[in-house]
Amino acid sequence: GFFKGIYHANLESNRLSELSFEMFHQAFDMKYLYLNKNKIEKIEYKTFSNMKLLKNLDLSENLIIHFHHSTFRKLNNLINLNLSYNSLKFIEKDLFSDIYSVEILDLSSNKISSIGDFSFENLIYLKKLYLDSNPNLVEIKSKFTFHGIRNIMRIFLTSNILKVNFTNVLNLKDSLKHREFERNLNRKYFY
């Protein structure tokens, strides 16, 4: 196992196109993994399953369209997950169900058009959520989209084409300290 005993791996800009379980099956001690600026399209669903100590995972600036719902399973110590600048089209309910420890989740600059109800429900420590610059994110209809987020301090929804009734959707109580909604073309819907 190439990554056995390794705590920090920077695999940025290596033209990787897919990730498999075999690559990281002995990366038990991995805490920081940078896979940004590659050409990753496919990630085997068990790829990160032995990285129980992982705190920071950067998959930004790749070609990822979809994640298997078990991709992030067993990453109970993950604090920062960067999925920005990919081609994600939707966020499913179970995608983040096992990574409750995440404090920063970056989904900006994707092609997200829909977010499933309860998608962020188990992210009980989430403080910052970046959903900005998703040009296909036009509407958030359900009041359950952000259900379960308890400790959110900042949510970024800038540069989208959103029409949202935030009174119904963002039931985030008093924890939300900062919201950024600038550069949304449908501002008249913000109430």
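Student: Which backbone oxygen does the Thr-47 side chain reach at 2.6 Å?
Tutor: That of Glu-44. A polar contact here is a pair of N or O atoms within 3.5 Å; within protein, one must be able to donate a hydrogen and the other to accept it, and residues adjacent in sequence count only if both atoms are side-chain atoms. A polar atom of the Thr-47 side chain also lies 3.3 Å from the backbone oxygen of Leu-19.

Student: What sort of model is this?
Tutor: A predicted model: local features need pLDDT of at least 70, side-chain atom pairs count only at pLDDT 80 or more, and totals for chains, interfaces and linings use all residues. Residues are numbered from 1 along each chain as its sequence is written, and side-chain values use heavy atoms, with hydrogens and water left out.

Student: Where does Thr-47 sit?
Tutor: In the loop between strand 4 (42–43) and strand 5 (56–58). Strands (E, at least two residues) and helices (H or I, at least four) are DSSP runs, numbered from the N terminus.

Student: Is Thr-47 buried or exposed?
Tutor: Thr-47 counts as buried because its relative accessibility is 0%. The cut-offs: buried is under 20% relative accessible area, exposed over 50%, partly exposed in between, with a 1.4 Å probe and protein chains only.

Student: New topic. How many aromatic pairs does the structure hold?
Tutor: Nine. Rings of Phe, Tyr and Trp (its six-membered ring) pair if their centres lie within 6.5 Å; planes under 30 degrees apart are stacked, over 60 edge-to-face, the rest tilted. One of the pairs is Phe-67 with Phe-72, tilted, at 5.1 Å centre to centre and 50° between the planes.

Student: Why do those two count as buried?
Tutor: Phe-67 does because its relative accessibility is 4%. Phe-72 does because its relative accessible area is 1%.

Student: Which residues do ring pairs link into a cluster?
Tutor: Phe-67, Phe-72, Phe-96, Phe-120 and Phe-146.

Student: And which ring does the charged end of Lys-46 sit over?
Tutor: The ring of Phe-21, 5.1 Å from its centre. The rule wants NZ of Lys or CZ of Arg within 6 Å of the ring centre and within 35 degrees of the ring normal.

Student: Last one. How many helices and strands are in the protein?
Tutor: Two helices and 12 strands. Along the sequence the pattern is β-β-α-β-β-β-β-β-β-β-β-β-α-β. Of the 191 residues in the protein, 46% are buried.
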